[in-house]
Amino acid sequence: MPEVMGAGPESWVARSLRNVWHPCTQMRHHETMPLVAVSRGEGAWLFDHEGRRYLDAVSSWWVNLFGHANPRINGALKDQLDRLEHAMLAGFTHEPVVMLSERLAARADHRLGHCFYASDGASAVEIALKMSFHFWRNTGHGDKQEFVCLKGSYHGETLGALSVTDVSLFRDAYGPLLGKTHVVESPDARAAAPGETAADCARRAAGRLEALLQQRAGAIAAVIVEPLVQCATGMAMYDPLYLALLRELCDRYQVHLIADEIAVGCGRTGTFFACEQASIWPDFLCLSKGISGGYLPLSLVMTQDHIYQAFYSDEMSRGFLHSHSYTGNPLACRAALATLQIFDDDGVLEANRALAGRITQALQPLAAHPRVRHFRQRGMIWAFDAELAEGDGGFARRFFTLGLKHELLLRPIGNTVYIMPPYILNDDEVAHLASSTLAVFEQALDAAP
Ligand SMILES: Cc1ncc(COP(=O)(O)O)c(C=O)c1O
């Protein structure tokens, strides 16, 4: 891109800081924390303009599944680019969106389908919330206007999604703008008392939810959860039993179950959909992030047929009149089709089981580290909590900065260090990941103020 490259490499950082407002960042922190200008990606690695490299151990915010510049996804996109870059999806349709919807429905055993598309995860959450409310309205239950989320839940940053998000750092400033939500106990297995199992935590949390539903089910439209792993709150993992109990409660009390699989879908927890591990299907399932292989913004909501039928009518206003300009973008759908093809061609879920075993093995020195608490793993997610000195609020940024020096991109959440790598690490990369994470962890502890 010579016409836009302009000045020399160091200036990208300065120019970015002057002109780009970076996400999820207190911009002032960049007075001391590095900003990396990425020039290219290849496989699990990102490269900066000086040729330094960083193992992308968080899959660039959990989106990348099969590496950067993946030749198969690149090839599909180049082909699609010469056919159709975009067409509106109202009144028109196209091959990539039809094929993607068919393939996803087949993966959901045809229990979920009618894919409704958007671009980002938060938009998918908005859609599921609106659809749930509108379903009840269309079926004579307009009083069902409230939602339930779990303690520590994260479902995105737009106002509707933030209403069902329980991370005070993101939500507190906007409290007056947010809708009414009930926050119920999380089944987080770390809450187990001595002698208790993760299943006990699941049963206890389900009991708390039931107490709420007994009182208020008539006013509640849906319960929204991140199945198996509450990622953004610090990789809180829980027993699949909770999902089974939740499904049963939602059926009994006539409340929808929204599964936000934006972070945990697409094989991340070991099955293609996390809900499969509890042998349940939700009423709505949100997907984004990995579905396009980490290439393009794409999100969607799948739903059950009886939901769809409640909108099917002669009356315009009973329809779901939500839209986004780029809904069902052909390039994004084509990237998703190429991604699903890799799952099939390479037996990814099975290969990941072996890869996860190797990564867990390589991380054993960390698991046994005296300052590590709650080392945990589900599918292709690993996490542990650092035992920090009192008042050490800078651990996450220190860890990130030190990580860069060890060719490692990791961004802890508070005191939780997590690893969510692309599914393509080779043995050398696994070894690098494990040894660098340990070294960075020890240095970050040593450098505590
Ligand atoms: C579970 C979950 N839901 C929703 C979102 C929001 O997705 P997006 O950032 O694409 O809006 C995220 C993002 O991390 C997420 O982890």
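Which domains does the domain assignment of the chain give? The assignment gives domain 1 (73-346) and domain 2 (350-447). The legends below describe close-up views of a predicted model.

**View 1. Domain 1 and domain 2 of the predicted model.** Domain 1 covers residues 73-346. Domain 2 covers residues 350-447. Taken over C-alpha atoms, their centres are 28 Å apart.

**View 2. The interface of domain 1 and domain 2.** On the domain 1 side, 20 residues make contact. They meet 18 residues of domain 2. About 1,500 Å² is buried between the two domains. Carbon and sulfur atoms account for 61% of that area.

**View 3. A salt bridge and polar contacts between the domains.** One salt bridge is found across the interface of domain 1 and domain 2. Nine residue pairs are in polar contact between the two domains. By class, the side of domain 1 that touches domain 2 has 10 nonpolar residues. That side also has seven polar and three charged residues.

**View 4. The salt bridge of D385 and R190.** The side chains of D385 and R190 pair up here. Their closest N and O atoms lie 3.0 Å apart. A search of the whole structure finds 24 salt bridges.

**View 5. The salt bridge of D48 and R52.** D48 and R52 meet through their side chains, with 3.0 Å from N to O. D48 has a relative accessible area of 5%, so it counts as buried, under the 20% cut-off. R52 is partly exposed, because its relative accessible area of 47% falls between 20% and 50%.

**View 6. The salt bridge of R83 and D79.** The closest N and O atoms of this pair are 2.9 Å apart. R83 has 61% relative accessibility, which is over 50%, so R83 counts as exposed. D79, at 29% relative accessibility, counts as partly exposed.

**View 7. D200 and R203 in helix α9.** Helix α9 spans residues 198-216. Both D200 and R203 lie in it, three residues apart. That spacing is about one turn of the helix. The two residues form a salt bridge, with closest N and O atoms 3.3 Å apart. D200 is partly exposed, at 25% relative accessibility. R203 is also partly exposed, at 45%.

**View 8. A network of salt bridges.** E185, E196, R204 and R208 belong to one network. Salt bridges that share partners join these residues.

Note on methods:
Residues are numbered from 1 along each chain as its sequence is written. This is a predicted model: local features need pLDDT of at least 70, side-chain atom pairs count only at pLDDT 80 or more; totals for chains, interfaces and linings use all residues. Side-chain values use heavy atoms; hydrogens and water are left out. Domain bounds come from an automatic or database domain assignment. Contact means heavy atoms within 4.5 Å. Buried area is the accessible area (1.4 Å probe) that two parts lose on being put together, summed over both. A salt bridge is a side-chain nitrogen of Lys or Arg within 4 Å of a carboxyl oxygen of Asp or Glu. A polar contact is a pair of N or O atoms within 3.5 Å; within protein, one must be able to donate a hydrogen and the other to accept it, and residues adjacent in sequence count only if both atoms are side-chain atoms. Ala, Val, Leu, Ile, Met, Phe, Trp, Tyr, Cys and Pro count as nonpolar, Asp, Glu, Lys and Arg as charged, and the others, Gly among them, as polar. Buried means under 20% relative accessible area, exposed over 50%, partly exposed in between (1.4 Å probe, protein chains only). Helices (H or I, at least four residues) and strands (E, at least two) are DSSP runs, numbered from the N terminus.
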